[in-house]
Amino acid sequence: MFVVHIALQGCLRGEDVAYGLTADTGGHIRYLLDLVRACDQDTGIDRIVVATRLFNGPLGADYAVPEERVSPKVSIVRLASSSPGYLAKEDLHGEVASLAQALIAWIEGQPVRPDVIHAHYADAAAVAARVEDRLGIPFAFTAHSLGRVKAKALGSLTPETPSLGHRIAAEETALARAALVIASSRDEAEVQYALYKSYDPGLIRVLPPGSDLARFQAARPCRRVDASIDRFLREPGKPALLALARPVARKNLAALVTAYGENPALQARANLVLVAGTRGDLDSLDGGMAETLRELLDLIDRYDLYGRVAYPKTHRPEDVPALYAYARVRGGVFVNPALNEPFGLTLLEASAAGLPLVATDSGGPNDIVETCGNGLLVDPRAPADIARACLRILDEPELRARFVAGGARAAAAYDWDRHAARYHALLRTLCASEPHPGEPRQLLICDIDNTLVGCDAGLRAFRLWRSEQEGLAFGVATGRSFHSAMAILEQQASPRPQVMITSVGSEIYHLDANGVSYGADTAWRAVVSRDWDRAGVKAVLSGVPGLTPQGPLEQRTHKLSYFGDAALAQTARATLDAAGLAASIIHSHGRYLDVLPPAASKGTAVDHVRALYGLSEGDVFVAGDSGNDVEMLRARRQAIIVANFSDDLASHAALGHSYVARASHARGIIEGVAHFRMLPAHAE
Ligand SMILES: O=c1ccn([C@@H]2O[C@H](COP(=O)(O)OP(=O)(O)O[C@H]3O[C@H](CO)[C@@H](O)[C@H](O)[C@H]3O)[C@@H](O)[C@H]2O)c(=O)[nH]1
Ligand SMILES: O=P(O)(O)OC[C@H]1O[C@](O)(CO)[C@@H](O)[C@@H]1O
């Protein structure tokens, strides 16, 4: 396979990238170089090219070199566009046509054409779409950061701001045109992308990045780096609150200085270390970096923080691990106060280096902190919250130790090799023209947790069995969201479902012909939208004392989720009835309470799919294990309860028609299907 990546902004080269040298030399380059390094190891990959923009000027001669070889299989190709000099990403939209032309010409000059293109950031997607128009090469898209999210986070900047308008338009095109969108976190896939008109969760796959974590695990202090910080400080031995980010408005470093400046206890307890790119003369900085730095200097002056805040002017690319080590050996904390952090590679780096985190609750840090348990999330607009969280970690050694230990999990959870393996599997399927499975003659829909998955050997047997079931369409029905379901299915190497009924039946997705992406069932969306007053239901339930909303990722357009016991479920029911609002309430595991449109349930969703496939009731099998499957099992004639059932399912009054398997988990599903197939109706 031959893959071309397009990444146009910033100062991209194979080695020694000076992150923060310009406002656009940031995490997308780190991500791409690490991705490419991991992909290079795959023997199934023949060639990888990173196409970037060629420019001349004072930033260095490297960026005017048309081809840079990174390894025998990997090279960076620089394409000339209509302007010769460096351009900020906000100005690149004017170069799209010439860059697309240059890339098309370059591809046409190659002995073999790329199988797939991967566009990084909005402007690259605009180029990729033009290349696809001309050469028919499909493209994948990774945003790295989204214009609508930035506009929302920065408030003052609206989508009408001209450059953001171009960027958002390019992102909409990417969503409408890309064969696959790769997101780094569930937050990105389910919250950030949801702001777009062309949003369809089924197009997006969450593949968390890794980081060169070994490099950060091995982080040791370096005398030269220590000296570059200590020269600012009166008591350099104190714990350090470390921030490492490009000095741009979105990173919100000013809130951290304010948090520190307004809290004398924090000043007494720790120093503040701001590593914000690399600068010579402030005036020569681009992309708002000079203004951001001036604001920081102004705050340092206003709060008279001299001797307590360090803001080194430069650091070398190889110094970054030592910067984290500086804070670690002093018992410090890594702080990321960004207004929004789409993912946040620095959080992985800091964790690997042994630092606890205080991070923004907006964006990827939600996922990272939930996965690793490595720090506290804070409202980035509340400096007092930031200060409080830092003090808690500094003052509670047990908490600190727990977060440091949690951070060590980052190395296992975020791994580029695993990313590359999953990524290549998706690209291979995209590029292969697999025969379409043909019209289904039967349909099997399984619950996921503790039915399809939960026993590795059972799932192995199921995979084999499934591969021999010609004419059987296989799907899942789950309370999980699409991406949460996809994450567990991929993690367990489940067979790829042809249909996914998610969020307790309120959403349905069908596998596209490319065998990789899914498309939302818009007819089903119309069905569940009927009589659903989400805002009204939410407003009325906000007045029920004790009913606590679950996290933002669990709230969907057609599902509101809460924590609450059975009594609260009854109160919620009565409150909705009194307000004349139609909704169904599903209470499960004694504490989860899902409020759904009246037409949505796993059972009605299965029936919708059955009708879509033109199948009769006798062609449908459903399988489940627990209380939240009752409604689906009750509604279907051929219902399978796996042996490891809970919630007294086997003796449930409404489920007398079900087959209770002797085998548990996925083996129980196989047994149940065989049972129903042997019944006289099937034998005929
Ligand atoms: O002065 C600095 C500032 C940053 N870095 C490095 O630059 C990278 C920055 O990455 P990240 O923290 O992820 O931020 P961004 O530069 O803003 O990267 C964008 O792209 C990343 C990859 O998709 C996402 O993780 C981010 O959320 C997104 O904003 C990290 O490796 C840092 O170590 C430096 O070396 N020196
Ligand atoms: O802050 P913005 O405008 O969303 O831009 C983020 C982009 O800038 C960078 O952070 C720096 O190059 C990229 O990694 C990312 O693609």
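Me: Hi! How far is an oxygen atom of ligand 1 from an N or O atom in the side chain of Glu341?
Reply: In this predicted model, the distance between that ligand 1 oxygen and the Glu341 side-chain atom is 2.6 Å.

Me: Nice. What about Gly277 and Thr346, where do they come in?
Reply: Gly277 uses its backbone: a polar atom there is 2.7 Å from an oxygen atom of ligand 1. Thr346 uses its side chain, with a polar atom 3.4 Å from an oxygen atom of ligand 1.

Me: And how much of the accessible area of ligand 1 does the protein cover?
Reply: On its own, ligand 1 has 680 Å² of accessible area, and the protein covers 96% of it.

Me: Which elements give two or more residues to the shell around ligand 1?
Reply: Those are α1 (27-40) and α13 (345-352). The largest share is from α1, which gives four residues.

Me: Which residues come nearest to ligand 1?
Reply: There are 24 residues around ligand 1, and the nearest are Gly27, His144, Arg246, Glu341 and Glu349.

Me: Where does ligand 1 lie relative to domain 1 and domain 2, and why?
Reply: Ligand 1 lies between them, because domain 1 (2-206) and domain 2 (214-413) both give residues to its shell.

Me: Let's switch to ligand 2. Which residues are closest there?
Reply: Asp24, His28, Ser145, Lys150 and Arg246 are the closest of the 15 residues that surround ligand 2. Arg246 is also listed among the residues that come nearest to ligand 1.

Me: What are the distances from oxygen atoms of ligand 2 to Gly27, Arg167 and Arg250?
Reply: For Gly27, a backbone N or O atom lies 3.3 Å from an oxygen atom of ligand 2. An N or O atom in the Arg167 side chain is 2.8 Å from a ligand 2 oxygen. With Arg250, a polar side-chain atom lies 3.0 Å from an oxygen atom of ligand 2.

Me: How much of ligand 2 does the protein bury?
Reply: The protein buries 97% of the 390 Å² that ligand 2 exposes when taken alone.

Me: And the shell by class?
Reply: Around ligand 2 there are two nonpolar, seven polar and six charged residues.

Me: Back to His144. What is its phi, and where is it found?
Reply: Its phi is near 70 degrees, a positive value in a residue that is not glycine. His144 sits in the loop between β6 (139-142) and α4 (147-154).

Me: Is that one buried or exposed, and why?
Reply: His144 is buried, because its relative accessible area is 17%, and the cut-off for buried is under 20%.

Me: What about Asn252, what's its phi and its place?
Reply: Asn252 is not a glycine either, yet it has a positive phi of about 60 degrees. Its place is the loop between β9 (240-244) and α9 (253-261). Asn252 counts as buried too, at 13% relative accessibility.

Me: Changing topic: which residues does the UniProt annotation "domain: Glycosyl transferase family" cover?
Reply: According to the unreviewed UniProt entry, that annotation covers residues 234-406. The span is 45% helix and 14% strand, and its end C-alpha atoms lie 32 Å apart.

Me: And where does "domain: Sucrose phosphatase-like" go?
Reply: The unreviewed UniProt entry puts that annotation on residues 441-677. Over residues 441-677 the chain is 35% helix and 21% strand, with end C-alpha atoms 13 Å apart.

Note on methods: Residues numbered from 1 in each chain as written. Chains lettered and ligands numbered in written order. Predicted model: local features only at pLDDT ≥ 70, side-chain atom pairs only at ≥ 80, totals over all residues. Heavy atoms only, no water. UniProt positions renumbered as here; feature names shortened; annotations may be inferred. Buried < 20%, exposed > 50% of the residue type's maximum accessible area, 1.4 Å probe, protein only. Near = heavy atom within 4 Å. Polar contact = N/O pair within 3.5 Å; in protein donor to acceptor, adjacent residues only side chain to side chain. Areas by Shrake-Rupley, 256 points an atom, 1.4 Å probe, with all protein chains shown as cover. Domains from an automatic or database assignment. Nonpolar A, V, L, I, M, F, W, Y, C, P; charged D, E, K, R; others polar.
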